[in-house]
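Please keep the sequence and the 3D structure in view while reading.

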Amino acid sequence: MVIVTKRRGGQRILRGIKHEYTEEEVMLSKEENDLLTRVGPGTIMGDMMREYWMPSMMTDELPAPDCQPVRLRLLGENLIAFRDTNGKVGVIGDSCPHRGASMFFGRNEECGLRCVYHGWKFDTNGDCVDMPSEPPEGRFIEKVTATAYKTQERGGLIWVYMGTRAEPPSLPSLVANMQSEGEYTVSGYYSECNWMQSLEGDYDTIHVSFLHAGARKPEEIPDPDISFERYALKTRWARHHVADTGFGCTSGNNRPAEDDTTYWRIAHFLFPFYAMVPASFREKGFIAVVPMDDENTMRWHVSCRNPALPRPPGFGGPPIVNGLPTSFHLDASRNGTGWFERFPIAGVRSNDYLIDRDAQRAFVGGLGYSGMPGRGQDNGMTESMGVIYKRDQEHLGVTDAGIIRMRRILARASRALREDGTTPPGVDNPELYKVRSVSTLVPNGVNGIEATQDLQWAELAEEEQPAG
Ligand code: FES
Ligand SMILES: [Fe+2]
């Protein structure tokens, strides 16, 4: 399906609700696709990513002082993460500044990581603090530093800043990442494909009615007061509105609900790689789609715990224990110390994502549409598009308008940074990240994005209320 077209000045125009695009603007050329997908050092998008703090690891991956270092691939750079004797997390270049041996094999001891080749030792700032192979009269030690990036820990995640500011910006005020211990959940899973197609999948809320719940019946969703998702099963298609915001853009999928109401699923894209999609079990949650490099991605799902909001059955995803998601069908037996061996899921390309054709034929339950379990549903789709999807052949429909907009504002902001140094959205506005996704009923004929501003900004409203 092609977005509604009309003529203006003899040119075909693809029309969204708030934006109009020429065909050329919608279809991405190879150059534009490269711009969006390449994130290594010196690339336009990679430079923009480096303006932001990035959630990069789980705190639990470095469980104790002086524990084993971890290989961390981030924006095309090979890094080593370690927790020093004081508990501080360091992220330094993998290649030893002396003669390039891997710091992964280093001794993590007495507030530094010591290369085991010639014993040079580096602290979390990247300063060389010991050089035992060189004679003591030299001052060479003062001239040698390792690549080192600033880190912070918050809400179960280790954040890394790879940018150029001496004083980095604040962390984004993502509510689910600002809870006390026990009040949030963090899970991650690895995708063997480019970050952009992963993010497009996470920002796209229409696929839930097919990929994850295509075999579900509306009456299986127990209580419409708790979950409006039954309307996404009753009417599988949706209309779509998109609006620009200070943090990125907002999409409103909407479809008929009751006679006088429309069901709106309001999702956000937040720079540079966050999606907030409505789900009754994931209050105030977000997804971070963090590029490891051009061909590998880590996806973090962060939620507030809210057992009062049970997850509806069978919307794909992880098994539920005590009302909470437990995993993404992770396969611990495939965990390893390699660059891409963190948080692997069981279904991968080589086993066809564990597709069960009998389950697919049976057409019942969360497995019954795709036949694929867990996050193999998402990875099966996004990885099978090709490791770096070529976007010059696609046919975008009405419900892709949010994705079209996201691509355009990412391209525009990254170019503006490159060309005139314009700070990209959100870097210096951490409060904007307090927004929430929304799933609700709105009277027919009302724009749900505009009508639900109070719900979207409920976090700010609560704080503005006077104490007592
Ligand atoms: S290569 Fe690391 S100390 Fe020599
Ligand atoms: Fe999905």
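Two residues are in contact if their C-beta atoms, placed from the backbone, lie within 7 Å. The model is a predicted one, in which local features need pLDDT of at least 70, side-chain atom pairs count only at pLDDT 80 or more, and totals for chains, interfaces and linings use all residues. Residues are numbered from 1 along each chain as its sequence is written, while chains are lettered from A and ligands numbered from 1 in the order in which they are written.

**The chain as a whole**

- The chain holds 11 helices and 23 strands; helices (H or I, at least four residues) and strands (E, at least two) are DSSP runs, numbered from the N terminus.
- Of the 468 residues in the chain, 46% are buried. A residue is buried if 20 or more other C-beta atoms lie within 10 Å of its own, exposed if 12 or fewer, and partly exposed in between, with C-beta atoms placed from the backbone.
- Among the contacts in the chain with a separation of 6 or more, 60% are between residues 24 or more positions apart.

**Two open sheets**

- Two strands pair if DSSP finds at least two bridges between them.
- One open sheet has six strands in the order β4-β13-β12-β7-β6-β5, and the pairing is antiparallel. Its edges are β4 (53–58) and β5 (70–74), each with a single partner strand, so one side of each is left without a neighbour in the sheet.
- Axes are lines fitted to C-alpha atoms, for helices over the stretch in contact, and angles run from 0 to 180 degrees between N-to-C directions.
- Within this sheet, strand β7 (residues 89–93) runs antiparallel to strand β12 (residues 148–154) and is joined to β12 by two bridges. V91 has Y149 in β12 as its bridge partner.
- Another open sheet has four strands in the order β8-β9-β10-β11, again with antiparallel pairing. Here β8 (107–108) and β11 (128–130) form the edges, and each has a single partner strand, so one side of each is left without a neighbour in the sheet.
- Strand β10 (residues 121–122) is joined to the antiparallel β11 by two bridges, and the bridge partner of F122 in β11 is C128.

**Strand β17 and its partners**

- Nine of the 10 residues of strand β17 (residues 261–270) are buried, and the strand is mostly covered.
- β17 pairs with β16 in the antiparallel sense over nine bridges, with N254 opposite W264 in β17. A hairpin through four residues joins β16 to β17.
- β17 also runs antiparallel to β23, with six bridges between them; I266 stands opposite V438 in β23.
- Three bridges join β17 to the antiparallel strand β18 (residues 274–276), and L270 stands opposite Y274 in β18. The hairpin from β17 to β18 passes through three residues.

**Two buried residues**

- N253 lies in strand β16 (residues 248–256) and counts as buried, with 28 C-beta neighbours inside 10 Å. Beyond its neighbours within four places in sequence, N253 is in contact with T205, I206, A238, H240, R265 and T399.
- R436 is placed in the loop between α8 (401–420) and β23 (438–443). Why does R436 count as buried? R436 counts as buried because 20 other C-beta atoms lie within 10 Å.
- Residues up to four places away in sequence aside, R436 touches M276, K284, L455, Q456, A458 and E459. The C-alpha atoms of R436 and V175 are separated by 8.7 Å, although these residues are 261 residues apart along the chain.

**Helices α4 and α7**

- Helix α4 (residues 195–203) and helix α7 (residues 376–384) pack at an angle of about 135 degrees, and their axes are 9 Å apart. That angle makes α4 oblique to α7; angles under 35 degrees count as roughly parallel, over 145 as roughly antiparallel, 65 to 115 as roughly perpendicular and the rest as oblique.
- Q197, S198 and G201 in α4 meet D378, M381 and T382 in α7.
- Seven of the nine residues of α7 are buried, and the helix is mostly covered. What covers these buried residues includes β14 (184–191) and α4.
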